[in-house]
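Q: I am new to this structure and would like a close look at a single part of it. Please keep the answer plain and connected.

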Amino acid sequence: MTTTHHAQLVRSDTDLVRFRLVRAEDVIGISGTGRVAGGVIFPDGTVARRWNTGVASTAVYDSIDDVETIHGHNGASVIELVDGRQPA
């Protein structure tokens with residue numbers, strides 16, 4: 001499975017797109033608010049995410065959509081692209 005935004009986010013087959021997970025509200029009470037995680041989107045849509053919190057961890061996801069579904073908490077957190085194109 002690849003991200004539905006894949007063609008819009010990645011400019012070529014060699015580009016990595018960096019992102020931040022920015023949390024306005026800490027729904028669960030663990031990660032805090034602000035820039036709580038960051039990562040990269042690979043050209044095939046695969047994502048690596050790393051927490052910036054006290055107990056850091058790294059995980060790999062099939063798509064940026066999966067990251068948003070799992071960690072977005074229904075809009076309490078948003079994904080900001082550092083480079084690359086914003087989705088249409």
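In what order do the five strands of the open sheet lie, and is the pairing parallel or antiparallel?

A: The model is a predicted one. The order of the strands in the open sheet is β4-β3-β2-β1-β5, and their pairing is antiparallel. At the edges are β4 (58-61) and β5 (77-81), each of which pairs on one side only. Neighbouring strands of the sheet are turned against each other by 25° on average, direction ignored. In general, the strands of a sheet pair through backbone hydrogen bonds, and they do so in a parallel or an antiparallel way.

The protein holds two helices and five strands, and along the sequence they follow the pattern α-β-β-β-β-α-β. Of the 88 residues in the protein, 38% are buried. Among contacts between residues at least 6 apart in sequence, 50% join residues at least 24 apart.

Start with strand β2 (residues 34-41). Six of its eight residues are buried, so β2 is largely enclosed by the rest of the structure. One partner of β2 is β1, and the two pair in the antiparallel sense over seven bridges. One of the pairs sets Arg-23 against Gly-34, its bridge partner in β2.

Gly-34 belongs to strand β2. With a relative accessible area of 27%, Gly-34 is partly exposed, because the limit for a buried residue is under 20% and that for an exposed one is over 50%. Not counting residues up to four places away in sequence, Gly-34 touches Leu-21, Val-22 and Arg-23. Leu-21 is 13 residues from Gly-34 along the chain, and the C-alpha atoms of the two are separated by 8.2 Å.

Five bridges join β2 to β3, and the two strands run antiparallel. In this pairing, Ala-37 stands opposite Trp-51 in β3. β2 and β3 form a hairpin with five residues between them. In the turn of that hairpin, Gly-45 has a positive phi of about 95°.

Strand β3 (residues 47-51) also pairs with β4, in the antiparallel sense and over four bridges. Here Val-47 has Tyr-61 in β4 as its bridge partner. Both Val-47 and Tyr-61 are also listed in the largest nonpolar core, which is taken up below.

Arg-50 is another residue of strand β3. Its relative accessible area is 41%, and Arg-50 is partly exposed. Leaving aside neighbours within four places in sequence, Arg-50 is in contact with Val-36, Ala-37, Gly-38, Ala-56, Ser-57 and Thr-58. With one of these, Thr-58, the side chain of Arg-50 makes a polar contact of 2.8 Å. For Val-40, which is 10 residues away from Arg-50 along the chain, the separation of the C-alpha atoms is 9.2 Å.

At the other end of the strand order, β1 and β5 are linked through side chains as well. The structure holds one salt bridge. It is formed by Arg-20 and Glu-80, with the closest N and O atoms 3.5 Å apart. Arg-20 lies in strand β1 (residues 17-23) and Glu-80 in strand β5, so the pair ties together parts that are 60 residues apart in sequence. Arg-20 counts as partly exposed, at 23% relative accessibility. Glu-80 is partly exposed too, at 32%.

The buried residues of α2 are Ile-64, Asp-65, Asp-66, Val-67 and His-71. At the start of α2, Ser-63 has a side-chain oxygen that reaches to within 3.3 Å of the backbone nitrogen of Asp-65. Just after α2, His-73 takes a positive phi of about 50°.

Terms used: Residues are numbered from 1 along each chain as its sequence is written. This is a predicted model: local features need pLDDT of at least 70, side-chain atom pairs count only at pLDDT 80 or more; totals for chains, interfaces and linings use all residues. Side-chain values use heavy atoms; hydrogens and water are left out. Two strands pair if DSSP finds at least two bridges between them. Axes are lines fitted to C-alpha atoms, for helices over the stretch in contact, and angles run from 0 to 180 degrees between N-to-C directions. A salt bridge is a side-chain nitrogen of Lys or Arg within 4 Å of a carboxyl oxygen of Asp or Glu. Buried means under 20% relative accessible area, exposed over 50%, partly exposed in between (1.4 Å probe, protein chains only). A nonpolar core is a set of buried Ala, Val, Leu, Ile, Met, Phe, Trp, Tyr and Cys residues joined through side-chain atoms within 4.5 Å. A polar contact is a pair of N or O atoms within 3.5 Å; within protein, one must be able to donate a hydrogen and the other to accept it, and residues adjacent in sequence count only if both atoms are side-chain atoms. Contact means heavy atoms within 4.5 Å.
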